[in-house]
Amino acid sequence: MASIKMSRRGFLNTAAISAAAMSVPFTLKRSAASDNNAKEDKKLHISQNWCEMCFWGCGVTAYNREGRVFKLEGQPKCPKNYGKLCARGNSGIYQLYDPDRLKKPLIRTGKRGEGKFREATYEEAISYVADKTNKAIKEYGKGTVSLIAHGSGEHAFINLMSIIGSPNTAIPAYSQCTGSREIGWFLTYGRPYTGNEPIDAANSKCLMFFGRNVLEAVMVGETQRVTEGMAKGAKLIYVDPRYSKTAAKADIWAKIKPGTDLALMLGMINYIINAKLYNIDFVDKYCSGFDELKQSVKKNTPEWAEKETNVPAETIKNICQELSNAAPSCAIGPGRRLTRYGDDTQHVRAIGILNALMGNWYTPGGFYKISKMDIVTPHICEIEHTEVKGGEKIERVDGAGSEYRLAPKNLGLENKLMKGILQGEPYPVKVMFAYGTNLFQHYPDYEECKQIIDKLDLMVTCDVYLTETALYSDVIFPESTYLERKDPIGVMTGKYPYVKYREPATAPLYNTIGAYELVEKIAKKMGYKNHFKTIDDVNKEILDQLGISIDVLKKDGVYVKPTFEGIYPQAEGKDLKFNTPSGKVELYSVFCEKLGFDPIPKYTRHKMPKDDEFRLLFGRQSYHTHARTQNNRWLLALHDFEIKAWIPAKKAARLGIMTGNKVRIVKGDKKSRELTAYVTDEIHEDAIFIPHGYGRITKFMELAYAMDGASDANLCSNGTDPISGASAFHQAFVKIEKV
Amino acid sequence: MIKNKKYVMVYAIDRCVDCKACMVACKAQWQVPENHFRTHIDEKYSPGKYAPNRKYFLPSQCNHCDEAPCVSVCPTKASHKREDGIVYVDRDICIGCKYCIVSCPYDARFFNEEVGVAEKCTFCLPWIQQGHQPACATTCLSNTRIFGDINDPNSEVSKFLAEAKRNKSKIWKLREDLGTEPNIYYVQS
């Protein structure tokens, strides 16, 4: 740690170094610190892109002078960010020039995980992958190939899976993130919520979130809308066991006992119904099952909820009043990463019901309607034969669509795919491609993850860094970063649908390629005769449909749909339709009943930690994404190279732990690496909180490794929500010990 | 008579969510040495209703003081006050003596060990002369930072401050008791 950390004030006290620096000759002074921006701009190369430091996809303009990208700025017209970039977006330059990046294809020479690789040519590495994959297909069938992918190049690899004819694709954004939210929303409103986060926050009068740390998760457009709404006077109500940055900005912070959110929601529903705070017109006209709901929550009074949740009944009533006063210009957010306690789909159902009681569907300040571009997104690959096009039907390993009937097949269930590989059921999966995703940091338990990879004959990773997943791979392909690639034009839905454009800000610094190019070569080498269009061809098809020239995108980076459809159909007096069995908003879910689940959410108390235990909570920091950015020095410097474990003060005192002490998290025989204690009353006494993405085992990401910290993935639970099939991480109990 | 420009910055601190985008945007724009920043956001506390103490976020940077201690202590006049209000360090003249760093009551300066000079915020001079906003204000997600010429009554800063006065918002500057005449305005409703 000490080697990478040097604080601002600490440095001023280091007299020896200062003296050395003073002797720097004057000539160096001028050249090394030349003002990049002051020079003549003749050699300036400006290019358009979308940011891939997280998955929100903000429009970015990249400035390159004399071959070096020196500045990134938000595109003013992009509806995702309107000219703004967050800390991560601004630090994309560090990632581009990070010395730890993957630079050449690698083939493993030592044991898996040992970290011994040799450099290879693309020809050799691709042949290796093609031969091994073909061999596995011959022996075990097409389904033996699996894919876990996340990011702009994922569609290239999804194409590869279609070409091969394997159904075993899983996008972790479902089972490890938003799956339960999408299903819970779908069951209530007949449509998924979608990653657009369609809350009309900028026009809202009251916003409420349950553990959705909206101002610290930082998706630029969403953060802009929420802060804009608050600046215009919107109340913010925030429920979280922890005093996060969102809690700090909230008008009401409810410090809830972790695991009891559903009790709070039922308490609110009870009070809203009994105090007649609901939108009677909307409920009468558009909701089904109100009487059943009323009956079902009869005993869930605010006083009952107080006992379960530790949120005072008065506060619960106050929250309901605030929402009702603002209705329908209010919204209760259904969360984003909803992988908590295994009842997450019902959790979202209850939030869906609360919103329905407010009647805020398709109204200003409530939820807006998402619209689409009126174009057909062309396929880059003309696939000759696929599972879909008359190939034989192969059973999925993960049970999406069968055992978990509501889990969508195009997203799959990563958690169940991994289990299936481990158990060899229903058939052996022997090949895995991992694109842009790091299983070890989001699949619970390192050891199990290793065992799963050990079941494979071939593990292939395509990434920017030599991540933990790459460390356990047989072949690693170095991907060009977003600033070095061209990708097909992206077609985006949203409040203001648009297309986005990506062109290289610089030639690739190393021997790296993009996912489309790589996949085309692998498919060809495997012997498939599919035609891949060039990215330029695909772009031309899109531009022709839009009737615009490429110059528009080169100038603005985006092209926003010019005709504006109504996004508030309810407020515009249109009749609303819902794609549910009853055609209404289902307070009582007919689908749930059919599938054997509670048609109205019911609260069952979860197992709670013992007196010497803590529930392990984890989440985002404003300036990091998943496990992707922890090697970025600019970002690590923002939190002074320190990883804090939030520990409740009373229990910390008993353990003799004070702020600043080094601690480890212990679960059975597992012990985490070191974190710094942050002892506080700002977290419920049942829980500790750690930021996600640390406790790394790959030494090839030098700074991330040096940061120490705990890996939540290695310590959390691996439960399943029975309705959505998605994971449940927050059922793990841990202890803390002083180092 | 046309007055000189006088550049100032206003922070609407109710808006700040501590995302720290400003810190990185500035770092990228000026290639600030690895572990240093020219602007910071600190967590502060005030008595609150729902939390033990209410947390808020306070940005800071060079205050471009009218009576700048860093300017008066500089032995070579490398640190100087420009006509447009910006306190600037001429790197060709700075000898790296660090008097200015110690003299700054706002801890806004640091020593650039790579170049051997004192360094701090320049309001993005000369970038702003090309018609741009400072990097921190450009990227600020929540529009906390407002930059402009306070001598121009039609500038965004002037209008914002006038409205804040009308709304009886709390307006202050840091350590005005020191007589440094700082030019960063903090506004809270």
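Aromatic rings in the predicted model

In this predicted model, a cluster of rings is joined through ring pairs. Its members are Trp185(A), Tyr189(A), Tyr193(A), Phe282(A), Tyr286(A), Trp361(A), Tyr362(A), Phe367(A) and Phe578(A).

Over all chains, the structure has 32 aromatic pairs. One of them joins Tyr63(A) and Phe70(A), whose ring centres are 6.4 Å apart. The planes of these two rings make an angle of 50 degrees, and the pair is tilted. Tyr63(A) has a relative accessible area of 12%, so this residue is buried. Phe70(A) is also buried, because its relative accessible area is 6%; the cut-off for buried is under 20%.

Another aromatic pair is formed by Phe157(A) and Tyr435(A). Stacked applies to planes under 30 degrees apart. What does this pair tie together? Phe157(A) belongs to helix H7 of chain A, which covers residues 154-164. Tyr435(A) belongs to strand S14 of chain A, covering residues 431-435. The pair therefore ties together parts that lie 278 residues apart in sequence. Phe157(A) and Tyr435(A) are both buried.

Rings also take part in contacts with charged side chains. Arg68(A) places its charged end over the ring of Tyr97(A), at 3.9 Å from the ring centre. In the case of Phe614(A), the residue over the ring face is Lys651(A), and the distance to the ring centre is 4.7 Å.

Terms used: Residues are numbered from 1 along each chain as its sequence is written. Chains are lettered from A and ligands numbered from 1 in the order in which they are written. This is a predicted model: local features need pLDDT of at least 70, side-chain atom pairs count only at pLDDT 80 or more; totals for chains, interfaces and linings use all residues. Side-chain values use heavy atoms; hydrogens and water are left out. Rings of Phe, Tyr and Trp (its six-membered ring) pair if their centres lie within 6.5 Å; planes under 30 degrees apart count as stacked, over 60 as edge-to-face and the rest as tilted. Buried means under 20% relative accessible area, exposed over 50%, partly exposed in between (1.4 Å probe, protein chains only). Helices (H or I, at least four residues) and strands (E, at least two) are DSSP runs, numbered from the N terminus. A charge sits over a ring if NZ of Lys or CZ of Arg is within 6 Å of the ring centre and within 35 degrees of the ring normal.
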